[in-house]
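Student: I would like to learn how to read a model of this kind, going from the overall fold down to single side chains. Could we take the features one by one?

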Amino acid sequence: MPNLNVSENPVQLEHVQEKNPKKFLKLITTVSTFGGLLFGYDTGVINGALPFMAKPDQLNLNAFTEGLVASSLILGAAFGSITGGRLSDKKGRRSLIMYLAILFLFSTIGCVLAPNASIMIIFRFLLGLAVGGSSVIIPSYLAEMSPSDRRGMMVTRNELMIVTGQFLAYIFNAVIGNVFGDTGHVWRYMLVIATLPAVALWIGVVILPESPRWLASKGRMADALKVLQMIRHESIAQQELNEIKAHIQAEQKMEKGSLKDLRIPWIRKMVLIGVIIGSISQLVGINSIMYYGTQILESSGFGTKTALIANVANGLIAVVAVIVGMSLTNKVNRRSMLLTGLTGVTVVLITIGISTFALAGSPALPFVVLSLTVLYLAFFQGAIGPLGWLIIAETSPARIRGVGMGIATLFLWLCNFIVGLLFPTLLNTLGLSGTFFLFAVFGFIGVVFVAKNLPETRGLSLEQIEENFKMKA
């Protein structure tokens with residue numbers, strides 16, 4: 001077969017890919033989700049690195065600058081998620097993934113070598129652009145490459161890789177912090193490990209083909225068919241291309257939606273549900289644990305090195321809970337599952353707040369807090385985490401799906417940023433109990449909102465979900 005000018009793939013791989021499309025799809029999934037692994041590692045590594053870089057002889061951080069260092073990545077991610085999708089529409093999914101790999105590598109090296117807090121914040125922001133871009137582009141790429149019967153498994157693999165990356169960050173933090181904890185620049189060793197998956201992603205992109213749907217949207221039907229023949233059986237490739245053509249033609253005939261459509265009550269309500277679910281999922285404080293888990297455990301009584309080891313339990317339960325949650329999303333009602341998750345995290349947050357009062361100074365307190373944070377993560381990652389993104393997608397009207405998901409995602413990232421920025425200051429002013437009581441308030445608001453406003457969507461097509469909102473408007 002002729003070489004594909006769209007993907008610059010080695011010609012010699014093509015005959016293997018045609019004979020075993022499933023194997024090649026697994027390879028595509030593995031390589032592309034290195035972006036998710038980087039997402040997870042870069043958001044999780046700050047958990048263990050921050051106590052060391054905050055020291056006076058290092059970056060000399062106070063509570064506010066600690067928040068800036070941790071949250072600057074999230075602010076960058078908000079911008080990256082907005083711009084990444086548009087750039088990939090113009091340049092192609094594969095090209096953007098390669099650019100993201102380079103940005104991951106460049107920004108990580110900048111963070112490792114940062115001489116002061118200002119430089120660190122700048123490079124963490126740039127790293128956030130890569131994180132935000134990957135959070136949009138990689139799931140889109142996987143959705144467009146996967147056959148319909150494997151789409152759920154392939155796309156959710158990226159979410160699994162994110163929590164796996166965080167888990168690995170906690171492990172490396174614990175090992176490096178305990179072995180080299182007395183070394184002045186130990187936090188730089190923690191950060192530099194992220195260069196390895198960045199290099200692997202950059203090298204791996206060489207074998208990735210471009211999305212056939214993107215190629216077809218640019219009128220390159222012959223190239224789209226060649227890619228489909230690499231990832232589908234011959235009998236299916238042409239049929240799928242015909243479906244893609246029909247979909248593109250139908251989209252071209254549709255009148256484009258805009259922000260003005262938010263004036264329509266049922267559209268406004270659908271978008272608002274996505275915005276509030278996305279915001280609440282962050283305001284219940286999940287990333288206070290994922291970014292500052294080590295400091296939370298230190299505040300409860302653990303030493304830094306012990307807290308680094310104990311924090312590994314948080315990473316492990318996050319991975320296990322996501323796997324369980326993924327398996328449940330199509331088996332139980334979305335609404336009931338989300339209510340269970342929100343109720344669970346709210347009760348746990350209140351219990352942590354009460355425990356820090358009742359057990360203040362007790363040697364049992366750090367172990368109680370660790371057990372409760374593990375339980376919190378089980379509820380969150382097992383229910384709220386997997387369902388948050390799914391509900392945002394399901395409640396975005398077809399007419400303005402891109403706009404609706406963009407608005408909800410922006411609010412999600414901004415709330416994530418606010419929690420990351422303010423948590424160290426809240427911890428200093430309100431204490432651990434007061435901060436977790438505040439998160440519990442948002443959990444209660446979430447329970448009430450979901451109970452009153454979120455309809456059940458399991459088993460319904462996107463069109464049926466829309467029709468139900470129209471009928472109730």
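Student: How many helices and strands does the protein chain have?

Tutor: Helices (H or I, at least four residues) and strands (E, at least two) are DSSP runs, numbered from the N terminus, and by that reading the protein chain has 19 helices and zero strands. The radius of gyration, taken over C-alpha atoms and compared with a globule rule of 2.2 Å times the number of residues to the power 0.38, is 23 Å for the protein chain, close to the 23 Å that the rule gives for 473 residues, so the chain is as compact as a globular protein of that length. Along its principal axes, the C-alpha trace spans about 70 × 55 × 35 Å.

Tutor: Before we go further, note that this is a predicted model, in which local features need pLDDT of at least 70 and side-chain atom pairs count only at pLDDT 80 or more, while totals for chains, interfaces and linings use all residues. Residues are numbered from 1 along each chain as its sequence is written, and side-chain values use heavy atoms, with hydrogens and water left out.

Student: What percentage of the residues in the protein chain is buried?

Tutor: Buried means under 20% relative accessible area, exposed over 50%, and partly exposed in between (1.4 Å probe, protein chains only); buried residues make up 54% of the 473 residues in the protein chain.

Student: Where does threonine 346 lie, and is threonine 346 buried or exposed?

Tutor: Threonine 346 lies in helix α16, which covers residues 334–358, and with a relative accessible area of 8% it is buried. Its side chain reaches the backbone oxygen of leucine 342 at 2.7 Å. If contact is taken as heavy atoms within 4.5 Å, then, leaving aside neighbours within four places in sequence, threonine 346 is in contact with Ala440, Gly443, Phe444 and Val447.

Student: Which side chains meet in a salt bridge?

Tutor: A salt bridge is a side-chain nitrogen of Lys or Arg within 4 Å of a carboxyl oxygen of Asp or Glu, and by this rule the count comes to one. The side chains of aspartate 223 and arginine 220 form it, at 3.5 Å from N to O; aspartate 223 counts as buried at 13% relative accessibility, whereas arginine 220, at 30%, counts as partly exposed.

Student: Which residues do ring pairs link into a cluster?

Tutor: Rings of Phe, Tyr and Trp (its six-membered ring) pair if their centres lie within 6.5 Å, with planes under 30 degrees apart counted as stacked, over 60 as edge-to-face and the rest as tilted. The count comes to ten aromatic pairs, and ring pairs link Tyr292, Phe423, Phe436 and Phe439 into a cluster.

Notes. A polar contact is a pair of N or O atoms within 3.5 Å; within protein, one must be able to donate a hydrogen and the other to accept it, and residues adjacent in sequence count only if both atoms are side-chain atoms.
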